[in-house]
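The entries follow the order in which I looked them up.

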Amino acid sequence: MCGILALKRWFISSETVSKSASELVIRGDVTQSGDERFPHRLLLTISSPRAMREITGELSGNLKVLGRNLRVRISARGEQLAVSGTASRVDLAAGVIEQLVELTTAGHTLSASDVDQAARMLLRE
């Protein structure tokens with residue numbers, strides 16, 4: 001399990017997503033969703049099955065935590081995550097997901113509390 005202190009150090013020291021994470025996460029274009037509450041939609045393709053499992057969490061628990069904290073809707077299908085919300089929230093959620101993918105590629109296992117803490121830290125910035 002990845003500790004909160006390790007996450008804090010990671011997010012403080014990581015100003016940009018490293019090359020390995022950017023190779024694993026492909027951002028699609030932000031499109032209009034047609035939903036007033038969640039007006040924009042972004043598809044993220046995560047090429048690492050392990051990273052996708054860690055990001056999703058058991059019974060999509062990590063996605064629910066991210067969605068609740070960032071006020072977005074996130075759904076998973078295959079190797080894709082669909083993130084819906086306001087443009088700024090969709091972009092923020094994508095950034096959190098990219099950094100969490102980087103953590104998983106470094107060998108960390110994510111818990112719902114790690115994901116919760118990561119989202120809260122980025123909201124404060």
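I took helices (H or I, at least four residues) and strands (E, at least two) as DSSP runs, numbered from the N terminus. On that basis I found six helices and five strands in the chain. Read from the N terminus, the order of elements is α-α-β-β-β-α-α-β-β-α-α.

I noted the provenance next: this is a predicted model, in which local features need pLDDT of at least 70 and side-chain atom pairs count only at pLDDT 80 or more, while totals for chains, interfaces and linings use all residues. Residues are numbered from 1 along each chain as its sequence is written, and side-chain values use heavy atoms, with hydrogens and water left out.

**Chain totals.** I classed a residue as buried under 20% relative accessible area, exposed over 50% and partly exposed in between (1.4 Å probe, protein chains only). Of the 125 residues in the chain, 46% are buried. The accessible surface (Shrake-Rupley method, 1.4 Å probe) is about 6,900 Å², and carbon and sulfur atoms hold 51% of that area. For contacts I required heavy atoms within 4.5 Å. Among contacts with a separation of 6 or more, 63% join residues 24 or more positions apart.

**Helices H4 and H5.** I fitted axes as lines to C-alpha atoms over the stretch in contact, with angles from 0 to 180 degrees between N-to-C directions. Helix H4 (residues 61-70) packs against helix H5 (residues 87-105) at about 140 degrees, and the axes lie 10 Å apart. H4 contributes Leu66, Asn69 and Leu70 to the contact, and H5 contributes Arg89, Leu92, Ala93, Val96, Ile97 and Leu100. I counted Ala, Val, Leu, Ile, Met, Phe, Trp, Tyr, Cys and Pro as nonpolar, Asp, Glu, Lys and Arg as charged, and the others, Gly among them, as polar. The contact residues of H4 and H5 then divide into seven nonpolar, one polar and one charged.

**Thr104.** I located Thr104 in helix H5. Is Thr104 buried or exposed? Thr104 counts as buried because its relative accessibility is 3%. Leaving aside residues up to four places away in sequence, Thr104 touches Arg50, Ala51, Glu54 and Leu110.

**Leu59 and Ser60.** I found Leu59 in the loop between helix H3 (49-56) and H4, and Ser60 in the loop between H3 and H4. Phi of Leu59 is near 55 degrees, a positive value in a residue other than glycine; phi of Ser60 is near 60 degrees, likewise positive in a non-glycine residue. Leu59 has a relative accessible area of 70% and is therefore exposed. Ser60, at 28%, is partly exposed.
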